[in-house]
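Open the model in a viewer and keep the selection tool at hand. The stops below say what to select next and what is there.

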Number of protein chains: 2
Amino acid sequence: MKIAILGYGTVGSGVGEIITKQKTQALQGIEIAYILEKTKNLHKSPLMCDDIEKIVNDKSVEVVVETMGGIEPAHSFILKALSAGKHVVSANKAVIAKYLKEFHDCANAHGVKFLYEASCGGGIPWIHNIWNVKRIDEIDEIHGIFNGTSNYILDHMAKEHAPFADVLKRAQDLGYAEKDPSADIDGYDIENKLKISASIAFDCDVLQDFPTFGIRNVRKEDMEYAASMHKTIKLMASAKRKGTHCYAVVEPVLYDLSYMEAAIPENFNLTCLHGTTIGDLKFYGQGAGKLPTAHAVVQDIIDIKEGIIQPTIHPEQSFVYDASLMSAPYMLRTTLTESDVKQILQDAIASVTEYQGLLYVTCKEITTAQMHQYANAICKLDSKAFLARIHQEAV
Amino acid sequence: MKIAILGYGTVGSGVGEIITKQKTQALQGIEIAYILEKTKNLHKSPLMCDDIEKIVNDKSVEVVVETMGGIEPAHSFILKALSAGKHVVSANKAVIAKYLKEFHDCANAHGVKFLYEASCGGGIPWIHNIWNVKRIDEIDEIHGIFNGTSNYILDHMAKEHAPFADVLKRAQDLGYAEKDPSADIDGYDIENKLKISASIAFDCDVLQDFPTFGIRNVRKEDMEYAASMHKTIKLMASAKRKGTHCYAVVEPVLYDLSYMEAAIPENFNLTCLHGTTIGDLKFYGQGAGKLPTAHAVVQDIIDIKEGIIQPTIHPEQSFVYDASLMSAPYMLRTTLTESDVKQILQDAIASVTEYQGLLYVTCKEITTAQMHQYANAICKLDSKAFLARIHQEAV
């Protein structure tokens with residue numbers, strides 16, 4: 001089975017490495033026919049080619065692997081490949097989150113597959129296992145740690161009592177974080193993965209206007225305050241559904257140290273679901289990195305080769321955002337005065353504590369939507385304020 | 001696709017419930033044709049039948065689901081069904097651990113499938129994910145919490161500072177533990193699951209003469225001693241391979257409280273593997289229970305219906321047990337005197353502490369095989385002695 005790899009960066013070259021070096025039976029017969037690369041790189045391999053038309057017009061190519069990243073030209077190349085009757089495997093969460101419905105529709109119209117295991121949770125077999133659970137169950141809840149960089153920062157802040165900026169700098173030096181770290185620390189990367197995961201789990205096209213609060217403002221003192229209550233802070237994505245209602249959020253969460261979620265170290269990811277008969281399932285692994293992510297891409301290629309049935313999603317199902325589905329107590333840290341905070345939060349306040357000269361406000365159980373509105377109002381006055389949900393055991 | 005269910009206890013009736021109540025597309029067309037039950041139960045359903053010959057001779061039955069438990073007649077019924085050209089799905093770890101090679105050989109000889117996802121880790125999609133990882137990687141290590149009852153006991157001992165006997169009694173009252181709890185607390189149940197898991201992961205027939213030390217002797221004081229070092233005790237199954245050498249063990253392990261393994265609550269299971277390109281993967285879920293276990297059985301039935309390729313194992317590969325593959329520091333607790341212990345452990349001793357009137361000996365890194373020999377020698381003098389490996393981060 002001939003494949004073409006579009007983009008030969010970290011993940012693309014990892015796919016090449018796995019296909020040429022690993023010697024399993026399932027990989028037999030998978031052959032790289034083209035690698036789409038910039039013109040200046042063509043001398044590096046006889047497989048390299050800078051012409052997408054040549055690739056999509058070659059009838060012997062059955063699978064196109066998109067590992068370019070970014071929105072364009074990835075978006076148009078994926079559509080070109082699907083329209084030419086080629087299966088497409090992509091690791092590109094940004095373009096998939098934006099065009100999930102269009103890609104599925106195009107793949108269905110041309111009788112080919114569009115697979116994207118590597119787009120969420122890196123090497124974790126997450127999407128595959130969601131599909132499988134859905135063969136039997138309705139999934140009503142998903143959550144997880146979907147970003148390794150932010151988990152690395154929080155884990156090291158907690159273990160070393162180190163300030164955010166110092167750990168971020170180290171993550172950048174190690175290559176875990178980008179020079180512009182906003183996608184990781186402001187939660188945008190997680191938004192994309194949550195949108196994709198929830199769309200599959202709930203069988204709809206989840207919109208992306210759910211609230212997001214990242215970890216840009218998290219301070220050493222916040223982690224120490226959490227530790228003083230035997231808790232730690234994790235940046236979580238969460239989505240719930242009830243019938244055709246759903247809600248989703250990306251926000252920091254205070255977990256008791258005895259929880260599995262609290263124990264996820266370094267840049268690992270954890271992805272979790274709850275289904276009708278299976279109950280809770282959780283999956284842990286490398287959420288990024290060359291070979292683990294490439295492994296997930298190659299799993300999709302093998303699924304295509306073996307003709308495994310992967311259901312499509314039905315994004316025409318109209319789900320409505322329902323803020324009543326998600327509520328919890330919250331912690332808010334600010335440099336505002338207690339009376340300023342009370343003007344905004346009013347009845348929502350359960351208690352106020354001073355810790356290391358900062359104001360820590362605990363809010364009663366409140367809808368996530370309402371709390372994020374309050375947090376936005378507070379951030380207008382104190383742009384460095386920090387918000388975290390206080391995890392409660394599901395009843 | 002017509003199926004027959006042999007045995008309609010907890011798991012078998014769960015399979016019936018899922019097939020009749022869940023309404024997914026993947027379940028369409030799966031029809032229960034027979035339920036093999038004792039003669040006295042036949043009045044309960046027109047599907048019930050007490051004659052295995054009638055079932056295996058009915059050409060319209062494509063899949064036989066064995067949820068009887070025990071060795072016989074499960075063993076001979078599985079062989080009868082396979083020999084009659086029927087796919088077999090089994091949840092019965094005892095019979096599979098014993099006859100894994102025979103069942104695979106018989107299935108191969110008759111061109112049918114023998115699947116057993118539910119036999120290890122209950123509802124966790126563990127075997128399926130091992131197969132998938134092996135499509136690309138070599139797996140060199142597996143470990144996990146494979147028994148919910150013993151994890152329930154250890155978790156509640158740790159959280160409530162309760163004695164072993166009290167928590168065991170409660171587990172029995174709740175139906176988690178059998179009247180005769182030895183399969184759970186002495187590690188025999190885990191031995192079966194480790195043998196099955198390692199045979200698939202390493203692609204060989206793992207023998208069952210590896211060392212096992214259960215939790216029958218664990219005391220409140222042991223858990224408190226662990227807690228004083230910020231650790232807890234978990235009953236773990238572990239297996240390693242290097243080329244065609246492997247080693248396996250079932251034993252209590254002291255984990256630092258910050259570890260994911262330490263955070264597995266109640267009667268949940270955790271199953272873990274390490275592969276060439278994927279690195280660490282860990283799977284968490286219900287290791288037992290009617291619907292989660294039945295869910296795993298039904299996943300196998302759907303795989304058969306959808307024609308998914310599941311590779312067979314190659315139990316003809318001869319692996320040798322190699323004690324040099326596994327070594328660690330250990331903790332041993334005994335009522336013997338320090339000089340008695342020194343006579344047995346000699347140079348292996350790193351330090352000796354008295355805690356609540358009991359002797360806690362820490363041993364230097366030593367092969368697991370040697371340590372279990374020492375522990376057996378000590379148990380001959382002090383039948384209540386307790387052994388636990390001290391977990392070390394892999395380098």
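## Stop 1: a loop in chain A

His161(A) sits in the loop that joins helix H6 (148-160) to helix H7 (164-173) of chain A. The model is a predicted one. Select His161(A) and check its backbone: phi is near 50°, a positive value in a residue other than glycine. Most residues other than glycine have a negative phi. His161(A) is partly exposed, with a relative accessible area of 47%.

## Stop 2

Move to Gln356(B), in the loop between strand S14 (349-355) and strand S15 (358-367) of chain B. Here too phi is near 50°, and the residue is not a glycine. Gln356(B) is partly exposed, its relative accessible area being 46%.

Next, show the side chains of Tyr355(B) and Tyr360(B). Their ring centres are 6.0 Å apart and their planes stand at 80°, so the pair is edge-to-face. Is Tyr360(B) buried or exposed? Tyr360(B) is buried, with a relative accessible area of 0%. Over all chains, the count of aromatic pairs comes to 27.

## Stop 2: helix H7 of chain B

Select residues 164-173 of chain B, which form helix H7, and colour Phe164(B), Val167(B), Leu168(B) and Ala171(B); these four are buried. They cover an arc of only 105° around the helix axis, so they lie on the same side of H7(B).

After H7(B) comes Gly175(B), with a positive phi near 85°.

## Stop 3: the cis peptide bonds

Select Glu72(A) and Pro73(A): the peptide bond from the glutamate to the proline is cis, with omega near 10°. Most peptide bonds are trans. Pro73(A) belongs to the loop between strand S4 (61-66) and helix H3 (74-83) of chain A. In chain B, the bond from Glu72(B) to Pro73(B) is also cis, with omega near 10°. Pro73(B) is found in the loop between strand S4 (61-66) and helix H3 (74-83) of chain B.

## Stop 4: the axis and the rings

Show both chains. The same surface serves both copies, since 100% of the contact residues of chain A recur in chain B.

## Stop 5: the nonpolar core

The largest nonpolar core has 210 residues, and those that touch the most other members are Trp126(A), Leu273(A), Leu345(A), Trp126(B) and Leu273(B). End on Leu345(A) and show what surrounds it. Leaving aside residues up to four places away in sequence, Leu345(A) touches Val361(A), Cys363(A), Met371(A), Tyr374(A) and Ile378(A).

Conventions:
Residues are numbered from 1 along each chain as its sequence is written. Chains are lettered from A and ligands numbered from 1 in the order in which they are written. This is a predicted model: local features need pLDDT of at least 70, side-chain atom pairs count only at pLDDT 80 or more; totals for chains, interfaces and linings use all residues. Side-chain values use heavy atoms; hydrogens and water are left out. Contact means heavy atoms within 4.5 Å. Helices (H or I, at least four residues) and strands (E, at least two) are DSSP runs, numbered from the N terminus. Buried means under 20% relative accessible area, exposed over 50%, partly exposed in between (1.4 Å probe, protein chains only). Rings of Phe, Tyr and Trp (its six-membered ring) pair if their centres lie within 6.5 Å; planes under 30 degrees apart count as stacked, over 60 as edge-to-face and the rest as tilted. A nonpolar core is a set of buried Ala, Val, Leu, Ile, Met, Phe, Trp, Tyr and Cys residues joined through side-chain atoms within 4.5 Å. The arc is that of the directions from the helix axis to the C-beta atoms.
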